[in-house]
Amino acid sequence: MTPRVTVVGGGLAGCEAAWQLARRGVGVDLFEMRPVQGTEAHQTDLLGELVCSNSFRSAERTTAIGLLKEEMRTLDSLVMRIAEAHRVPAGGSLAVDREGFARGMTDAVAQLPGVVVHRAEVSTLPDGLVVIASGPLTSAPLTSALRALFGAEYLYFYDAIAPIVTTDSIDMSKAWRASRYGKGGDDYVNCPLDRDGYETLVAEIVAAEKVELKSFERCVHFEGCLPIEEMARRGRDTLAFGPLKPVGLSDPRTGRRPHAVVQLRQDDKNATLFNMVGFQTKMTYAEQRRVFRTIPGLENAEFVRLGSLHRNTFINAPALLRPTLQTHARADLLLAGQLIGVEGYLESASAGYLAGVNAARLALGREPLVPPTTTALGALLAYVTQPGRSEFQPVNANYGLFPPLDGRRMRGAEKKLAMAERALGDLGTFRTDAASDVANAA
C-alpha cells in the first residue's frame, strides 16, 4: 500500500513539500482552505499565491539568497522551476509574473501523481504523518490546536503589502527606466525626488492617517519588511539610505543623481503593472492615494492594489522543532514555511523542501536528513531550530548565519563567494542522499 502524508497549506512551502513527496512515490492529501475560508491578504484561490512582492530578491551568488536559489535549483525545487518559467525583468533579481506564477504552481501540483488537493479548512491536527505549512495567516482553529499541543504561546509580528499601479498611469515625462549601475537593462521605473520633495514626502508619510491596531494587539514588525512609515519615523534620512536610495542611478534629463528615487518594479509578464518597491504600508487607503500621488510621475497613478497590514504568525521554533523540522512533541508532525520563523519566499519554500523530503523518508522507513550548516539551506534552518535561543525573531537567508571559513582571512565579496563555493561543494552528499528516494521511486 502506498504511504500517504497530509500537507496543510497550499502556499510555497506546502506545494514544495507536496512536490518532493510525490517525486518519492508518497501519496499526498494537500489541504488548502481557500476559497472556503479566505485570509486578510490573499485575493485568489490559486496555490502559491504571492501576497507581498513579486520578487524572490537577488539572483547573485554574493548574496545568501542568490546562493539559496542555486542550491534549490540543484535540489530540483518546484518553486524554482515555476519561478524561472514566469520570470519578468528585474535587474539582478529574480521577479515573476504574479498571476502566471500562481497558475503555474496550481497546475503543477494538480498534475502530480498520487496528490489530491482538498479545498477545506483543517481545524484539528490530523493523525499520521503530517506537514503543517499553513503560513503566517494560519486560521484561528488550527492555531489553537497547535498551541494546545505545544503548550507554548505563539509570537507574532505584522507584515505589510506595497501598492501596485498601472503602467499607463505613470508619467514617463518625469520618471525614467533604468536599473542600478545598469544591471539588467531598463527594468525599473524611477521617480526622482529633490531634497525638498523628499523631505515633504517623508513628512506626509509620517503625518498620514494609519490603520489603527486593536487594543489587544501588539505591534511587532519584522525588520526585513518594515512599513514605510515605520522607517520614516526613525529619522529624516532613513528612507534616503533605504528603499529610496539613489545610488547607481542618474536622471537622464539632468545627468545627475537625484537626492532620492522611488523605484517601481514590473509585476506581471506583460508589463502592465508595477509595484512600489519598499512601500509596504499601514496607511489608510485614502491617505495612500493622496500621499503617493505627490511623488513625481505618480500624480495620476491608478492603483490596482493598495498597501495593507496583516498579522503574521510564527512559532518559537528553537524551542519546538528538531533540525529535521519534526516537532519535539510529535515525531510524525513536521512544520515548514513562514510559520517556523523563516522570512521570504524562497526561504519558506526551502523549509517546505526539507519537510517534504523528511516526511517521505519517514513514510518509507528511512532516517530523516539534516542539510550541512555550511549551505544556505542548512545555515538558515540550523538558526531557526537551534535550542536555547531567546528573543527569537524571523530571519532571511544571510551570510551572517554561516560558520566561518577555516583558516582563510577574506572580506566582502571575496569572502561571500568563498562561502558559496564551499556550500555548493558540501551540498553534494546531502543532495545524493535526498535524491536516492527519487531514484528508487522511479
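View 1. Setting aside neighbours within four places in sequence, Gln288 has contacts (heavy atoms within 4.5 Å) with Pro163, Thr281, Met283, Arg293, Phe303, Leu306 and Gly307. Gln288 belongs to helix H8; helices here are DSSP runs of H or I with at least four residues, strands are runs of E with at least two, and both are numbered from the N terminus. With a relative accessibility of 0%, Gln288 counts as buried, a word used for under 20% relative accessible area, while exposed is over 50% and partly exposed lies in between (1.4 Å probe, protein chains only). This is a predicted model, in which local features need pLDDT of at least 70 and side-chain atom pairs count only at pLDDT 80 or more, while totals for chains, interfaces and linings use all residues. Residues are numbered from 1 along each chain as its sequence is written, and side-chain values use heavy atoms, with hydrogens and water left out.

**View 2. The buried side of helix H8.** Which residues of helix H8 (residues 285-292) are buried? They are Glu287, Gln288, Val291 and Phe292. These residues span an arc of only 110° around the axis, so they sit on the same side of H8; the arc is taken over the directions from the helix axis to the C-beta atoms. Their cover includes helix H6 (195-207), strand S13 (273-276) and strand S14 (303-305).

View 3. Look between S4 and strand S5 (residues 93-96) for two bridges, and find Val88 opposite Ala95 in S5.

**View 4. The largest nonpolar core.** A nonpolar core is a set of buried Ala, Val, Leu, Ile, Met, Phe, Trp, Tyr and Cys residues joined through side-chain atoms within 4.5 Å. The largest one has 97 residues, and those with the most contacts inside it are Phe56, Phe101, Ile132 and Ile340. Helix H10 supplies the largest share of this core, 10 residues. Apart from it lies another core of 32 residues, including Ile170 and Val291.

**View 5. Aromatic rings around Phe56.** Rings of Phe, Tyr and Trp (its six-membered ring) pair if their centres lie within 6.5 Å; planes under 30 degrees apart are stacked, over 60 edge-to-face and the rest tilted. This rule gives five aromatic pairs. The pair of Phe56 and Tyr345 is tilted, at 5.3 Å centre to centre with 50° between the planes. Because Phe56 lies in strand S3 and Tyr345 in helix H10, the pair ties together parts 289 residues apart in sequence. Both are buried: Phe56 has a relative accessible area of 1%, and Tyr345 has a relative accessibility of 15%. Ring pairs link Phe56, Phe101 and Tyr345 into a cluster.

**View 6. Arg361 in helix H10.** Arg361 sits in helix H10 (residues 345-363). Is Arg361 buried or exposed? At 6% relative accessibility, Arg361 counts as buried. Beyond its neighbours within four places in sequence, its contacts include Asp433, Ser436 and Asp437.

Terms used:
Two strands pair if DSSP finds at least two bridges between them.
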